[in-house]
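Please look over the sequence and the structure shown below. The briefing that follows goes through them by topic.

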Amino acid sequence: MSETPEPDVNNWSNRSESARDFVQARDVCGGVHLHQASHRAAQVPRQLPIDVRGFVNRNNELERLDRWLSSDEEVDTAAVAVIAGTAGVGKTALAIRCAHRASHRFPDGQLYVNLRGYDPGAPLTADDALGHFLRALDVPASRISADVDAKAGLYRSLVADKRMLIVLDNAATVGQVRPLLPGTSGCRALITSRSRLPGLVAREGARRVALELLSDTESVALLRAVTVGYRTTDNPGDLAELARLCARLPLALRVAAERAAGRPAMPLADLIQDLRDESSLWEALSTEDDDDADAVRAVFAWSYRALPPAAARSFRLLGLHPGADFGLDAATALIGTTRRHARRLLDTLVGAHLLEDMGSSRYQFHDLMRAYAADQARHEEPAAEQDAALRRVLEWYLRASIASVDATGSRGGAFRVSLDPFDGEIPRTEFIDDRDAARWYERERANLMAATRTAAAVGLDRLAWRIPAVLMEINGSRDPLGGWLEVDSIALDAARRCGDRRGEAVIHWGLGVRNRLGQHLHEAEDHYRNAQELFDELGDQRGVAESLNGLGLTYLRSYRFDAARTEFERGLAITRQLDAPLLVAFLTGNIGGLHLRRGDLPEAERETRKAVATYRQLGNDSEEAFCLARLAEVLIEQRQFVEARESLQHAMAYAEANDNKLLEGLLLLHQGHLELEENSLDTALISSQHAVVLLRQFGYEVAAAEALQVVGKAYRQLDRLADAANFFRQSAEAQRQYGDRLHHATALDSLAEVLSLLGKPDQARQAWNEAQPLLTGIDGSRAARLRVQLEQRLSQG
């Protein structure tokens, strides 16, 4: 299956506003369906964890859930079920067993997420879970909005016509799961929680399956199921006593059974006496009034103390991992050994049922077990050993991040991060190609954020700012906003604490980028100014130029054209002195974009041609092709159609040769405009509709809205006024949400003109009245012409 590549991450912050604007995505297509000529065949997600070995009992609950999942009723059957019960009672095991049994009924896939509502660390937010699901549904990361409501809307749209099973494990609150619920009963959501989640029952009509403790008979059956083939002569009375000591909780029963299976020659009575002694110790030390919790912890301790010393040490150290799940390399770094030895130790822990094997060399603790492991590390591991283990794994995350960025080809990024000397044993992580690196980033995203927080919390401030600084180059094209604003703020504080002025400057710069992309323009300006001053203090003139470029782009977004021009030219003067031709080309191209937005077309052409020439001289075909797309836009507006087509053809040849679908979408937008001007209306419709599809795949809703404007104009010229009005309305709504005021006003003017022709003068006047104030404070010939036009239309009544 061929896949559309993600946007190029090179110099993600320096792209011009018109060609590289990372914007938030939302479906604005309404009821009009476009021909999706290049729609990718989505992969079918199969995310269910491995089924539980030796699952027994729970027959009544399984039958109830089976009936619910197999029902085809779409009116009377709730799409949500909650498995509720105390910690360790087997909620997850039941949900996974049930989901595997029913998987054939959901041919469009199964989604799974552990919400970690009761984990010792931070629970997974609905926002992060939605991002996880959308990426699993093959949505390009750049199309995923930073807004949780927009994410939820896109998610529900994608699953609306599908039959999918969504398993939401370990939910703590209704608020954690409600955005993750499908909107139709063709999909089903199966939730596990220690809470009864009454809000879901009341509002969503969720079915509740209350999971009680196993009976004595069921507990003995579970013990026998796990030990079958290892122990055959155990006395039923001894098994019943072992079940009682485990409080009849499946989690504790499985741990105890694994211990018994690993010692087939040891009489069960001796094992029971060991557990009684452990239980007595726990009762003496415990300050909690919770018999079930004490029983579970006693079983954990009983099994843990039976581990070989190396495995016990590994168990303790793994409890220090910043995130809830981890891969083999992270475990290797924590333990401080080789991959081969680490895998053997992990296998020992999995065999003792103290660690869960998630497949693909990834592991996780049950939340109760993670808390126990961390507690053992704090009490038994010397502070120096804990510090060393944390330092190893955090250093690994930093170095793996650098390797992932290098594998994406992002070596041209604005800033490189130096490494401090490190003598500890950590694995060297390498990536096959950019896709391999991108997949690693997606798997480790939550852990990378947690690593930054942990580094800051334990005083490893140089690591705390370096990890997010490195990742600016890769997450800039995948999720430039998301949770990284908060993480970058932590990194900024860390850089200040350790007195690293360059680190502070780099993080300020990154926060400027993120705030600019998130339309927090005042905050962006402050961060860019701080970065500029710090780089200037450090004598880093390239950093000063980068910051000035960011300021110019920020001012350009708020229509402060003169201020933007000043910053671009200041940056340009510095980069010429530095002999940095690539950055010169960026700034020159941005100046060309500024002239285009103002409507100064000859100046726009001159500056854009200079940028194209520089890229060509440097052999940077990618940048040249994107700049040619802007040049074509300028030439079309000047009615230089032959040259415009030549620019489009040159750039399209690059896009097709490199399978660059984003560039292809931008070029089709301009091609549609060119064909419209040449009165080739049928081909204009095909090009512009194709452009909408491609641009939306990458979250370029502003450019997609411009393509919708071209579609509307084509239908207007074909005298299909109702269709034209529909597309102009869509374009206006998209620009209202994501675009600039000038394009919004232009779309409203086009809509009003068609509404007037359709005999709807009141609606037309309303649209013109809405458009007029949008132009306030915008200078340039484009805005001036439209302002006069609106005044004339409104004065004519």
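**Asp536 and its surroundings**

Leaving aside neighbours within four places in sequence, Asp536 touches Gln541 and Val544, a contact being heavy atoms within 4.5 Å. This is a predicted model, in which local features need pLDDT of at least 70 and side-chain atom pairs count only at pLDDT 80 or more, while totals for chains, interfaces and linings use all residues. Residues are numbered from 1 along each chain as its sequence is written, and side-chain values use heavy atoms, with hydrogens and water left out.

- Asp536 lies in helix 21, which covers residues 521-538; helices (H or I, at least four residues) and strands (E, at least two) are DSSP runs numbered from the N terminus.
- The relative accessible area of Asp536 is 49%, so the residue is partly exposed (buried is under 20%, exposed over 50%, partly exposed in between, with a 1.4 Å probe and protein chains only).
- Between the C-alpha atoms of Asp536 and Ala505, 31 residues apart along the chain, there are 9.7 Å.

**The chain and its confidence**

- The protein chain contains 34 helices and 8 strands.
- Of its 797 residues, 58% count as buried.
- The mean pLDDT is 85, and 89% of the residues reach 70 or more; pLDDT is the predictor's confidence in each residue, from 0 to 100.
- Residues 1-42 stay under 50 in pLDDT, and the model has 145 contacts beyond four places in sequence for them.
- Residues 284-289 are also below 50, with 4 contacts beyond near neighbours in sequence.
- Where pLDDT is low, the predicted coordinates should not be read in detail.

**Helix 13**

- In helix 13 (residues 328-335), 8 of 8 residues are buried.
- These buried residues pack against helix 12 (309-318), strand 6 (325-327), helix 14 (339-351) and helix 16 (383-407).
- Just after helix 13, Gly336 has a positive phi of about 80°.

**Helices 27 and 28**

- The axes of helix 27 (residues 641-657) and helix 28 (residues 661-677) come within 10 Å and cross at roughly 155°; axes are lines fitted to C-alpha atoms, for helices over the stretch in contact, and angles run from 0 to 180 degrees between N-to-C directions.
- Helix 27 is therefore roughly antiparallel to helix 28, a term used for angles over 145 degrees.
- Residues making this contact include Phe641 and Leu648 of helix 27 and Leu663 and Leu667 of helix 28.

Technical notes:
Angles under 35 degrees count as roughly parallel, over 145 as roughly antiparallel, 65 to 115 as roughly perpendicular and the rest as oblique.
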